Amino acid sequence: MTRSLDGLVFAPVADQAPGQVGRQTRFAYHEEGERIWAEYAGGDVARGYLVGTRTGDTLEFRYVQLRFDSTTASGCCTSLVTELPDGRLRLEETWSWESQPGSGTSVVEQLPA
(Lines give C-alpha, C1' and ligand atoms only; values in the text may rest on other atoms or scores of the structure.)
Protein backbone atom coordinates (compact mmCIF):
# COMPACT_ATOMS: atom_id res chain seq x y z
CA MET A 1 0.00 0.00 0.00
CA THR A 2 2.62 2.58 1.15
CA ARG A 3 0.29 5.62 1.08
CA SER A 4 1.89 8.74 2.51
CA LEU A 5 0.98 9.87 6.02
CA ASP A 6 2.04 13.43 5.23
CA GLY A 7 -0.62 15.93 6.26
CA LEU A 8 -2.95 13.31 7.75
CA VAL A 9 -4.50 13.62 11.22
CA PHE A 10 -5.19 10.55 13.37
CA ALA A 11 -7.13 9.95 16.59
CA PRO A 12 -7.25 6.95 18.97
CA VAL A 13 -10.30 4.70 18.71
CA ALA A 14 -10.28 4.18 22.52
CA ASP A 15 -8.98 5.87 25.65
CA GLN A 16 -5.79 4.59 27.26
CA ALA A 17 -4.96 4.77 30.98
CA PRO A 18 -4.90 8.23 32.64
CA GLY A 19 -1.85 10.28 31.68
CA GLN A 20 -1.68 8.73 28.24
CA VAL A 21 -3.31 9.51 24.93
CA GLY A 22 -7.08 9.31 24.68
CA ARG A 23 -9.89 9.81 22.21
CA GLN A 24 -9.38 13.60 22.43
CA THR A 25 -5.73 13.33 21.34
CA ARG A 26 -4.90 14.33 17.77
CA PHE A 27 -1.74 13.29 15.89
CA ALA A 28 -0.66 15.45 12.92
CA TYR A 29 1.70 13.35 10.78
CA HIS A 30 4.47 14.38 8.39
CA GLU A 31 6.50 12.20 6.09
CA GLU A 32 9.55 12.82 3.94
CA GLY A 33 11.10 9.78 2.30
CA GLU A 34 11.62 7.16 5.03
CA ARG A 35 11.40 9.77 7.82
CA ILE A 36 8.19 10.31 9.76
CA TRP A 37 7.29 12.67 12.58
CA ALA A 38 4.18 13.98 14.28
CA GLU A 39 3.02 16.48 16.82
CA TYR A 40 0.22 15.49 19.16
CA ALA A 41 -1.90 16.96 21.95
CA GLY A 42 -5.23 16.44 23.64
CA GLY A 43 -6.69 14.63 26.62
CA ASP A 44 -4.03 14.44 29.35
CA VAL A 45 -1.24 15.36 26.89
CA ALA A 46 -0.32 19.05 26.63
CA ARG A 47 2.29 18.45 23.93
CA GLY A 48 3.89 15.40 22.38
CA TYR A 49 6.23 14.52 19.55
CA LEU A 50 7.17 11.36 17.73
CA VAL A 51 10.05 10.81 15.33
CA GLY A 52 11.06 7.75 13.39
CA THR A 53 11.33 5.88 10.15
CA ARG A 54 9.08 4.02 7.78
CA THR A 55 9.86 0.83 5.88
CA GLY A 56 6.92 -0.10 3.68
CA ASP A 57 3.88 -0.24 5.95
CA THR A 58 5.88 -0.47 9.20
CA LEU A 59 6.68 2.58 11.33
CA GLU A 60 9.38 2.53 14.03
CA PHE A 61 9.52 5.58 16.27
CA ARG A 62 10.28 7.13 19.63
CA TYR A 63 7.84 9.45 21.38
CA VAL A 64 8.04 11.99 24.18
CA GLN A 65 5.22 13.89 25.82
CA LEU A 66 4.48 16.60 28.38
CA ARG A 67 1.32 16.08 30.39
CA PHE A 68 -0.89 18.79 31.84
CA ASP A 69 0.28 17.77 35.33
CA SER A 70 3.83 18.82 34.23
CA THR A 71 5.19 15.27 34.15
CA THR A 72 6.99 13.90 31.11
CA ALA A 73 7.11 10.44 29.59
CA SER A 74 8.87 8.74 26.69
CA GLY A 75 8.84 5.44 24.87
CA CYS A 76 9.05 3.53 21.61
CA CYS A 77 6.45 2.18 19.23
CA THR A 78 6.07 -0.02 16.16
CA SER A 79 3.00 0.64 14.02
CA LEU A 80 1.53 -1.22 11.08
CA VAL A 81 -0.26 0.93 8.47
CA THR A 82 -3.46 -0.66 7.15
CA GLU A 83 -6.31 0.65 5.02
CA LEU A 84 -9.92 0.73 6.23
CA PRO A 85 -12.78 -0.25 3.89
CA ASP A 86 -13.65 3.45 3.43
CA GLY A 87 -10.10 4.27 2.28
CA ARG A 88 -8.90 5.93 5.50
CA LEU A 89 -5.72 4.67 7.14
CA ARG A 90 -5.34 2.89 10.47
CA LEU A 91 -2.19 2.49 12.57
CA GLU A 92 -2.09 -0.66 14.72
CA GLU A 93 0.47 0.12 17.41
CA THR A 94 2.60 -1.88 19.84
CA TRP A 95 4.31 0.45 22.32
CA SER A 96 6.36 0.44 25.48
CA TRP A 97 7.36 3.15 27.88
CA GLU A 98 11.05 3.81 28.40
CA SER A 99 10.59 6.36 31.19
CA GLN A 100 8.27 4.20 33.33
CA PRO A 101 6.95 0.64 33.51
CA GLY A 102 4.34 -0.43 31.01
CA SER A 103 3.57 -1.49 27.46
CA GLY A 104 0.53 -2.21 25.35
CA THR A 105 -1.27 -1.91 22.07
CA SER A 106 -3.47 0.79 20.62
CA VAL A 107 -5.17 1.77 17.39
CA VAL A 108 -5.41 5.22 15.80
CA GLU A 109 -7.41 6.00 12.69
CA GLN A 110 -7.25 8.78 10.14
CA LEU A 111 -9.90 11.42 10.70
CA PRO A 112 -12.16 12.15 7.73
CA ALA A 113 -11.03 15.17 5.68
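This is a predicted model: local features need pLDDT of at least 70, side-chain atom pairs count only at pLDDT 80 or more; totals for chains, interfaces and linings use all residues.
**View 1. A structure with 0 disulfides.** Cysteine 76 isn't part of any disulfide, and its nearest cysteine sulfur, the one in cysteine 77, sits 7.8 Å off.

**View 2. The largest nonpolar core, with its 22 residues.** Look for Phe10, Phe27, Tyr29, Leu50, Leu59, Phe61 and Tyr63, which have the most contacts inside this core. Strands E2 (26-32), E3 (35-42), E4 (45-55), E5, E6 (72-83) and E7 each hand over two or more residues. Which of them gives the most? That's E7, with 4 residues. As a bit of background, nonpolar side chains tend to be buried together in soluble globular proteins.

**View 3. Phenylalanine 61 and its contacts.** Set aside the neighbours within four places in sequence, and phenylalanine 61 is in contact with Tyr29, Ile36, Leu50, Val51, Gly52, Gly75, Cys76, Cys77, Ser79 and Glu93. Both cysteines from the opening view turn up in that list. Tyr29 and Leu50 are also among the residues with the most contacts inside the largest nonpolar core, as is Phe61 itself.

**View 4. The one cavity of 30 Å³ or more.** The volume of this largest cavity comes to about 200 Å³. Its lining is made of 14 residues, and Val21, Phe27, Tyr63, Glu93 and Trp95 are the ones that lie nearest the centre. Strand E5 (58-67) and strand E7 (89-97) are the elements that supply two or more residues to the lining. Sorted by type, the lining has 9 nonpolar residues, 4 polar and 1 charged.

**View 5. Glycine 48, a residue of strand E4.** Is glycine 48 buried or exposed? It counts as buried, because its relative accessibility is 0%. Leaving out residues up to four places away in sequence, glycine 48 touches Ala38, Glu39, Tyr40, Val64 and Gln65. For a sense of scale, take glutamine 24, which lies 24 residues from glycine 48 along the chain: their C-alpha atoms are separated by 13 Å.

Terms used. Residues are numbered from 1 along each chain as its sequence is written. Side-chain values use heavy atoms; hydrogens and water are left out. On a 1 Å grid over the protein atoms alone, a cavity is a set of points where a 1.4 Å probe fits but cannot get out, and a pocket is an open set with protein on both sides within 12 Å along at least five of seven lines; lining residues have an atom within 4 Å of a point. Grid points are joined across faces, edges and corners, and a volume is the space filled by probe spheres set on the points. Ala, Val, Leu, Ile, Met, Phe, Trp, Tyr, Cys and Pro count as nonpolar, Asp, Glu, Lys and Arg as charged, and the others, Gly among them, as polar. A nonpolar core is a set of buried Ala, Val, Leu, Ile, Met, Phe, Trp, Tyr and Cys residues joined through side-chain atoms within 4.5 Å. Buried means under 20% relative accessible area, exposed over 50%, partly exposed in between (1.4 Å probe, protein chains only). Contact means heavy atoms within 4.5 Å. A disulfide is a pair of cysteine sulfur atoms within 2.5 Å.
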